[in-house]
Structure formats: structure tokens, C-alpha cells
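Below is a short briefing for someone meeting this structure for the first time. It is arranged by topic.

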Amino acid sequence: MYLKITLLLFVIIAFIGDSVLIAQPSGHPSSINWKYLETPLTRVIYPEGRSEQASRIASIISKINQPDVSLLTKNPRRIDLVLQTHQVISNGYVGIGPYRSEFYATPPQDLNFTGTTDWLDLLAIHEYRHVQQSNFMNAGLIKVLHYFFGQGGWATGKFLAAPNWFDEGDAVMMETKLSKGGRGRTPEFFARQRAIFAEHGAFKYSKARNGSYKDVVPNHYLLGYTLCNFLENGYGEEIWPNILKRSSRFEGIFYPFKKAIKKETGLQFSAVYKTAFAQLDSQLIHRPTTERSTSFSTIKSDVSKTPSFYEWPFYHDHKLYALKESFQTTAGIYEITLEKDKLITPVGISHENFLAENNGYLTWTEYEKHPRWDFENNTITVLYNFKTGAKKKLSPYNKSNPKAKAKLFSPYPSPDGSLLVAVQFDTSLTPKLVIIDVATNQIQNEIDIIEDANAASYPRWLNEDEIAYIAKRNSEVSIVIYHLKNMVHKTLLPWTSHPITHLNIHQNGLIFSSGFSGIDNIYKIEANGQIEQLTDVATGAYTPVMEGDTLCYSQTIFKGSNLLEGVVNPKRYENTNQADFVFKANKSDDILPEIKTEQFEEKDFRRTDGLQLHSYLFAPSYVNTALSIYYENTLSNLEGITTLNYNNNEKNTTWSAALNYSAMFPVFDLFTNTTERNLFLLSPQDSFKLNNFKEYNIGLGMSIPLSWINGNYSTSFTPNVSIQQKILKKLQQEIKPIDLSSFQSIDIGFSFTHRRRLAFQNVRTRHGQDLRVSYKRALGGLNANSIYANTSIYLPGISKNHSIRINGQIRKELVVNDYRYLDQFQYHRGGNIILCDQAMRVSVDYMLPLIYPDFGLFDLIYFRRIRANLFADYARYSLPRRTETGKSLGLELFFDNRYFNEFPVTSGVRISHSDDFASRKTSVQFILGLDF
């Protein structure tokens, strides 16, 4: 037991010390009036008016925690759950350190994302399963770590005891078992793995676990579901309490989860992995039996070189276009040819890929956020005219709430481009169809969707009097036609739990993608409701378009997705056979219909409520012993850290504390610290003497963190100002006849970044600028001031994954000043440091990837990418009567690795040759992260 704790302490200290920090300023709009309801299991915090959704979430959680529903009901600990309604992103999470959960309430448009289960219902099942996992594992050695290190120790112990593939795979199992939907029933969830089996064969576990920069590897959700499904089917649900108990006790210091699996099953983990994926392979085998086309063929033959993704094809003037992105390039609309694709226009950052075309007019959405509040974000609708090349951005205001911009999804243009139809899903969580007038940028009409439905997606103009869309209610979906004149909704097919998505128009009918047959295929539905299957593929077919009898669609392949095109043979159409798609022998028990929403007392929630001291790190060593305490409130707008450090060599104590308040538009920081300083200060005899002293600081700062997203570019600007009282102790009086024992200092500055987003393989942004400026000055007549500036320009290199950075820095601070500030300047690499009044450095870096090894050693280290950086530095260091120069050339090698299949770490080695005032030398240095 003592050995286990000793070996784990190093990892705990390193992990908590780097990860439990004061978070970013609160992103919650200050205008929200928060309410909450409380149960023994959760406190749901929500914006005023959303009590119905909050009550249902609390009721579902109460049901999930019953022993007949879950075996992981041990040690329930109440959790704060924040319902976010101002987001356009579909997500949710559970965190420890601090212990809380957040639900992003906007559902995805593409039902393949999670299936047909109502979005908040699915979040309640999935995310609360994470709460159960965490609470159940708060035992054994993890509980000891929790006791000694707070929630940071709890989180780290759980992180080390169980891999993230278990967390997500087990949660996907629960969402599948306890509902009609869930990813275990969606064919798209398995489409990538189908392609891998067909074209490559199963990856090694190390690659499936750690991912790859050269191949498309399914995420840990698919890995976890496959393994959890195999173990639960073979050994029953009782296996999880037993495995988690053993893992929590760390029966085996490293990889306790694998060792627990072996003890419970008698199988080595490698055998479990191979058997589980072999079983999945046999279940996924599909051989198309019906030829539904005379000549379906792939459009592109070079996708295998670099993983590329072709989606949302369309025809214009008998030419084929599509939305395309790859591991090397961000999304854009391209003309697709057999040779090189031609970029028509780039597509900006988006929360969900989408593209629609009608008669030469294109629409898609891009992401927009509030400059100050990160959790208040929106969509911008882009309308592109193929004939003129004109691009117009539309962001109309909500018709029901003129002060708020409408949150719009899946916009579709009318044939003349004058109107758009889109889904609106605002903070009321009530979806509507809206018609937007392009000329005025205003919503012309709001349409309630079919009765009792809680989601809508992919609206289309069927004709000038009818709109088609996909609706979801009670965890089932259907295609609905809305008649504009008589305002009547009509369903085209019976409500089904099979996902239906990617709706498109073809003549008088509709085409779409669905998993009726167990694999996503393309179907057509006529006005009379008759369904015909147009494809029979082995992996998955999506985003269809038809021109005459020619069908084009996107199909999942090993290296991404490709476009297939063919002439459909109408005589070979067949009616679909709706079949279940569940790879699970365990009995499914849909709990959602029996949920009776309870009534809870609604209470006011203040923005600063829920403050908790969540983690404390005690880090002993031979030289320094430190104790750090972390605290944070529920909405992350009040955060702090206090650290006490004792130096065993010098027998002295230093401490620091910081409190951050970000509930208002400006962010306020109250801070204090002590530090040991070593400075050469000028003596009365005009000679420099090294002075060791202790410095105390207490201050108040204010900043305004602003950020924007425009197309493919992210921009941030943060001005800041702080004033602090400095107190110097143990300062030698003979240094100068000036009182330095106490004085005030002001710090004014700003940081600015403007960068283009990265494609997956890009080593750095290909376009961007950074600028950071800081001016510090002592008040009260002291000669003490410093100015520092750091700027970078990013440019593209020769290849798409290459990057050039030109960096310049300047620092000016007289050495004869009464007091000098901490030195932030980065001297020429590998060279010597000189005492000077002014320092200037210019550097050029050329970074490129060298190789993607996809290679691991005994689950200890996994090499994902090796990068090289060639650099040249030139520096000038000036004194009143002397100027020195420093130059260096060198090579840096960076290794993007994962350690113990968990920790992503970039480390490297620098070989530099420097030439400066003091010496000419070649040196080798170990570097951690990208410090230049």
C-alpha cells in the first residue's frame, strides 16, 4: 500500500500541479437570471423560464439512480448541474475539481450524432452515468487520494485507474439500453469502423487508443462501446462493479483497469481487445445483395494519400461541387474534377458541417460568439451567389425577442435566392421554422413545428407553397410537409426510432439518408409516402443529391469519405425493410416513457453561489514543500488559489494568493505574493552589487478579455491594468541612499492575437499575428520603469503543413534604475545573458512535420508525430557606451507523444550554435513544450 502511494505521488503532483489552475474568465452572460431546483442527487441551475426542462432532467436522474436501473449507485454525491441555453454547440460534460456538470441544451441537426432520443433526455442519461462512475470509484486508494488532495486527487486517481474509453463506452451503453436511441443503435456510429475492417483490418490497440495524424481513427467512444459491449454481454452487468472496485484499489500500480479485467475474465487485455473487435467485425459484415445502380463509381482516386472528407455534393451548370476538408486543409467549397479540385470559396468555423444549394444559391452557417461571454454564441447564415460570386452574411434578430439575434440552423434558399427557410432554436428551447427575407435581413414569418415535436432539422422548399422538414418527438422522427397557405402539417411516413437525416429535394419527391436496413443508405420518398431504397453500400451513404436520374452521395471510406456517382435504375427500386440495429445481447429497458416529471420548488440562484474549496495539493520535496488550495464557484465567475511554500535550504517561507471575479463585464483580480529576488543594483560608488532580498506584492488588477470569430479567423484582445504595493525586505541599505522598502507600481498592457484556424496536421497556423505589450512604472518618484513588447507574424511554408514564424521582442529598462522588474525577455537560443539597458531580438522559425510513427512501446510511450523546427536568432544588447550582438542557428526536434496511453506531452531537444559577446559554442538542451 505504501509503495503504491509513493509511486503515485509523483504522477499526482505533476498532474494536479499542471491541470488544476484558475480557469478562464466566466463565459456566462451577466444578464441571465439564474434559478435552481434541488434534489438529494443534484442541484439543477438554469435560466429563468426553463423550469420544465430542469424538472425533467432531475426526474430522469432520480430514476437512473435506482438499483434496478443501475448497479453503480454506490456513494451518491450531489452534483451541481448547469443548464446552458445560450449555446449553439451540442455537448455536455461532468468534471471533478471542481465537481459539477454542464448541459448545452441545443440539439444537433444531424440525428446520426446521437440517435433519435430527445437531446436533454440523452444528456441526462449519458452525463449522469459519468457522475455514477466517479462516485462509485471514490473508494479504495482513490478515496485516500481524495482525502489528501481534495477533488484534484479524486480526479487524478480516477483518471489513472480507468481509461477514458471506459467512461464514454459505458455511458454510450447506458444511453442505448435506457432509451429507444443512443449511439449503439445508430449505423453511422460504426460506419468508420466498417471501412477500417474492409480496407485495412483492425488497428492495434495502441493506435486505437492514442489516435493518429495519418489515418482516421475512430474516437474513444467507439473503442469503449465495443469493449464494454463485449465484456457486458459475456460476463453480465455485474462485471463493472467488480472491475471498478479492483481498479479503485489499484490492484497493480500501472494499468489497474487492465489487471482488473484479467482477474474478472481470466483473459489478458490484449485477448479481450482482439476478440471484441473480431466479434464486431463479424457483426458488421455486409455484402450488398441488390444492384441499385448501373454504374456507381468513385469520383476521386487520390483520397488515400491524405485523409479527405467530401460531403454535401451538388450540381450546378452540369458540374459537380462539394464541401471538402482534409487533414491538411480546412473546409471549403470545391469544384470536383478527376484531376485537382478547384477551390471556389472557403467556409468558416462552424459547429456542424452543412451546405445547401438551390438554383445556384448556396447557404451554410458559421460560428459567432459574443465578444465577452464565451457561452453566449450564435450562428451566422452565409448566402453565396454562384452567378456573381457575391457572399452575404445574414444574422437577423429574433422576431419574438427583438433584442436577441436568432439562432438559425440548416438554412435553405428559395430558387430565386430572395428567401431562406431555416430552423430556429433559441433560449426558449422551442424549435420553429422561420422564413428570412434576404434583402432586409429580417425574419418574415415564424412557424410552429408539428404538435409535441421538440426538434426539427433540414427544412427544404418543396415548392413555393410547401416546406419539408424532419421532426422529432417522443424519441421518434418523421418527415413532415407544412402547407404555408392552410398552415397544416402532414407526416409522410410513420414515426420511427431510426435516424433520418440529410433531407434533400428531387423533383416532386424527397431523398434522405437513414439506417433502416442496419447501414445508412440513401432513400427516396414520394408524396404518397412510398419509400424506395436507392443504394446498398457496405459502410454508410450520406448527403445525397440527384440531377435527373444521376445520384451523387458521400460514402465513408478508410481515409475519410469519398463521392460516388451513378445513374439510378428506377426498375430496381425496392421497399425498405426496417430492421433493428443493436449490437447488444442485454435486454434494453426504455425508461423514458415512464418518467413522470416531478414538481420542485424553484429558488433564486445568485451568480456567486456554490463556492467550494475543491482541491489541495501538498507537494513535499528535498528543497521545497508547498501546499496549494484551489476554490471555485458553480458558474466559474469566482475562482482562487492560495499557495504556501517552504524552502528547506534557505529556511524561509513564501506564499501567494489570487482571487478572480469575472461575473461583470470587466474581470477583477486581487492578488498577493512573496518572492525571492536576485538583482544587480547600483551602489553609491556607481558599481553593481548582487543583492538578495525578499519582495512582497499586493495588488488589484482589471482586464477585459474580448474575442471574436470571423470566418476562419479567431481574434482576441485583452487590455489590462493593475496597481500593486511592493514591499522589499532584507534589502542592503548601502546599495543606494533611496528608500526602496515600500512603493507603488502600475502595470498597463494588452495582448492581441489574430490567427487562422488549423487543419488537423498543420503544425502552426498559416496566417496570423500576435502582439503583447507591457509597461510597468513605479510611482512616487522612484526611477523604475520597464517596457516590453513581443510580436509574431505567421506565414505559410512550402507545403500545406509547413509554417513560418517571424518573431520580434524588445525590452527597455535601465540598469541604473532604482528597482528593476522581473525579466520576461527571451534571449537568443543557446546564448548568454547580458545585463543591458535595451534588448532586441528577431528570430525566424520554419517548422514542419517529419514523420507520423504511430508507434508505441509497452503502453509506456506512444509516438504520434515528430516535428522539426529550423531557427535563426539575431539579438542586440545595448548599454550607454557599448552594444553587443548575439546570433544563433539551430534545429529543434519536437515529439508529440502520449505517455501511459493517457498524457499528451510535447517534448524535444534543441541543438544550437550561438555566437555572442561571451563565447561561441554549440549546445544541446532538453525542452518541454513549444517555448518559442
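This is a predicted model: local features need pLDDT of at least 70, side-chain atom pairs count only at pLDDT 80 or more; totals for chains, interfaces and linings use all residues.

Residues are numbered from 1 along each chain as its sequence is written, and side-chain values use heavy atoms, with hydrogens and water left out.

**Confidence**

- The protein has an average pLDDT of 88, and 89% of the residues score at least 70; pLDDT is the predictor's confidence in each residue, from 0 to 100.
- Residues 9-23 have a pLDDT below 50, and this stretch has 34 contacts in the model beyond near neighbours in sequence; a contact means heavy atoms within 4.5 Å.
- Over residues 577-583 the pLDDT also stays under 50, and the model has 25 contacts for them beyond four places in sequence.

**Nonpolar core**

- A nonpolar core is a set of buried Ala, Val, Leu, Ile, Met, Phe, Trp, Tyr and Cys residues joined through side-chain atoms within 4.5 Å. Buried means under 20% relative accessible area, exposed over 50%, and partly exposed in between, with a 1.4 Å probe and protein chains only.
- The largest core has 131 residues, and those touching the most other members are Trp-165, Phe-257, Tyr-469, Ile-479, Leu-510 and Phe-512.
- Helix H3 (residues 119-136) supplies the largest share of this core, nine residues. Helices (H or I, at least four residues) and strands (E, at least two) are DSSP runs, numbered from the N terminus.
- Leaving aside residues up to four places away in sequence, Phe-512 touches a set of residues including Ile-479, Ile-500, Leu-503, Tyr-523 and Pro-544.

**Aromatic rings and charges**

- There are 40 aromatic pairs in the structure. Rings of Phe, Tyr and Trp (its six-membered ring) pair if their centres lie within 6.5 Å; planes under 30 degrees apart count as stacked, over 60 as edge-to-face and the rest as tilted.
- Tyr-384 and Phe-386 make an edge-to-face pair, with 5.8 Å centre to centre and 85° between the planes; both residues are buried.
- A cluster linked by ring pairs has among its members Trp-165, Trp-240, Phe-257 and Tyr-273.
- Lys-74 lies over the face of Phe-136, 5.4 Å from the ring centre, and Arg-865 lies over the face of Tyr-213, 4.1 Å from the ring centre. A charge sits over a ring if NZ of Lys or CZ of Arg is within 6 Å of the ring centre and within 35 degrees of the ring normal.

**Helix H9**

- Seven of the 10 residues of helix H9 (residues 239-248) are buried, including Trp-240, Ile-243 and Leu-244.
- These buried residues pack against H3, helix H4 (140-161), helix H5 (164-177), helix H8 (220-235) and helix H10 (256-265).
- Phe-250 follows H9 and has a positive phi, near 55°.

**Backbone details**

- Gly-97 and Pro-98 are joined by a cis peptide bond with omega about 5°; Pro-98 is in the loop between strand E4 (90-95) and strand E5 (100-105).
- Tyr-458, in strand E19 (residues 455-463), has a positive phi near 50° though it is not a glycine. Tyr-458 counts as buried because its relative accessibility is 2%.
- Asp-854, also not a glycine, has a positive phi of about 45° and is found in the loop between strand E43 (838-851) and strand E44 (855-857).
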